[in-house]
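Here are some notes to read alongside the model.

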Amino acid sequence: MLKTKLPNTDLEVSRLCLGTANLGLKQSETEAFALLDYFVEVGGDFIDTARVYSDWIPGEKGRCERILGDWLKTRPELKDRVVIATKGAHYEWSDKSKNRVSTSFVAADIDASLRSLGVETIPLWYLHRDNLDRPVEEIVDFMQPFVESGKVCFLGVANWTVDRLSQANEYASREGLHGFVANQPGFSVGTWGMSQENKDATLANLDRKGYEFHRESGLALVPYSSQAKGFFTKLLESEGAESLEENPYYSERNLKIGEVIRELSSKHRCNANAIVLAYLLQQPFPVFPIIGAYSPSLVEDSVKSLQIELSPSEVVALRCE
C-alpha cells in the first residue's frame, strides 16, 4: 500500500486509514483481530480510533481502544510499525450537553487511551470536538504539556470549523507552540450535495472554504465518512434511486455524480467505492481517507482505489459543478 509522510510530522503512514468506530461490534473480537491483521498484511499502518468509540453500546466503555490494545499485546512486533491515531474530549453519551474540551477531561482521556492501547505515547491525538466558548489560544496553550511530556507526539482536531483551526495554527506558529497537524471533518465526493444537515450540531463537514484552506496550507485532511456511507455503491447497485430517498446523501447533485461514477467505474473496470476513494486521493493537498470496513474483503475492496489514476478532467467531472 502506498505510504507517504504526514505533513509537518515525522510519521510515514499509509494513504488509507482504517476506521474502527465499530470494531468488535459488527464482528467477534477474533474477527476484529483478523481484520486488523489483514489491513497490516496489505501494507496498511494508519489506524483511527477514539476514546468514545463503542460507548453508545451499553456495557464496557472504551471497547474499541481496548480491542486495539489487546491486538497489539499479542503482536508486539507491530507496536513500532502501526500508527494509531485516537481522539478524546468528546461529550459523554449520558450527558451530551456537557462540553469536555478542558485540561482535566483531556488529561483523563489521554491517560485512559494510553492504558487501553498499552502504549507509552500516542502518535497522533485529536480533540474530538471543539469548545466554542473558549478562545483557541487557551486550547492551544493547555494542549502543550501533553506533547512536551511525551504522552502525545502530534496534535490534530476533529469537527472544528476551518476558521477556528486556522486561528489556532496561526497562534501556535506565532508563539512557537505545537499546532495541529491534521484535520478530521466529514468529507467525500458527495458531501457538498447532502440534502440533510448533521443531526449532531457538534459535527463538522468540510465546506468549500475548508477545501480552499487545505489547498493553500497543505495541512493533512483525514476525513471520516469518506465513502459517503456507501451511498454511491447502493445507488449503482439498486434498481431505482427512489429506494434511497431518505438517505442524507440523496439529492439531484449526487444523482448526477452517481452517473459520472457509473461511467468511470466502467472505464476503469472497478466498482463505485474505488472511484469514490480515488477522488479523495487525487486532491491537490494530502488526503488520508478513513475507510469503514468490518471484514478483510471490504478492506481489499478499498485498497483497489490506490491503483486508479483519475485524469484532472475526471476529477472535475466528479464535482458536478
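This is a predicted model: local features need pLDDT of at least 70, side-chain atom pairs count only at pLDDT 80 or more; totals for chains, interfaces and linings use all residues.

1. Residues are numbered from 1 along each chain as its sequence is written, and side-chain values use heavy atoms, with hydrogens and water left out.

2. How do helix 1 and helix 10 (residues 296-303) cross? Their axes come within 9 Å and cross at roughly 25°, which makes helix 1 roughly parallel to helix 10. Axes are lines fitted to C-alpha atoms, for helices over the stretch in contact, with angles from 0 to 180 degrees between N-to-C directions. Angles under 35 degrees count as roughly parallel, over 145 as roughly antiparallel, 65 to 115 as roughly perpendicular and the rest as oblique. Helices are DSSP runs (H or I, at least four residues), numbered from the N terminus.

3. Helix 1 (residues 29-41) also has helix 2 (residues 63-73) as a partner, with axes that come within 10 Å and cross at roughly 65°. Helix 1 and helix 2 are therefore roughly perpendicular to each other. On the helix 1 side the contact uses E29, A32, F33, L36, D37 and V40, and on the helix 2 side R63, R66, I67, L68, D70 and W71. These residues divide into seven nonpolar, no polar and five charged.

4. Further along, helix 8 (residues 252-268) packs against helix 9 (residues 272-281) at an angle of about 100°, with the axes 9 Å apart. That makes helix 8 roughly perpendicular to helix 9. I261, L264, S265 and H268 in helix 8 meet A272, I275 and V276 in helix 9, a set with five nonpolar, two polar and no charged residues.

5. Do look at L236, which is found in helix 7 (residues 231-237). Leaving aside neighbours within four places in sequence, L236 is in contact with G258, I261, R262, S265 and A272. The C-alpha atoms of L236 and I261 are separated by 8.6 Å, although the two residues are 25 apart along the chain.

6. Which residues line the largest cavity? They are F187, S188, V189, W192, R253, Y279 and R319, and they divide into four nonpolar, one polar and two charged. A cavity is a set of points on a 1 Å grid, over the protein atoms alone, where a 1.4 Å probe fits but cannot get out; lining residues have an atom within 4 Å of a point.

Key. Helices (H or I, at least four residues) and strands (E, at least two) are DSSP runs, numbered from the N terminus. Contact means heavy atoms within 4.5 Å. Ala, Val, Leu, Ile, Met, Phe, Trp, Tyr, Cys and Pro count as nonpolar, Asp, Glu, Lys and Arg as charged, and the others, Gly among them, as polar. On a 1 Å grid over the protein atoms alone, a cavity is a set of points where a 1.4 Å probe fits but cannot get out, and a pocket is an open set with protein on both sides within 12 Å along at least five of seven lines; lining residues have an atom within 4 Å of a point.
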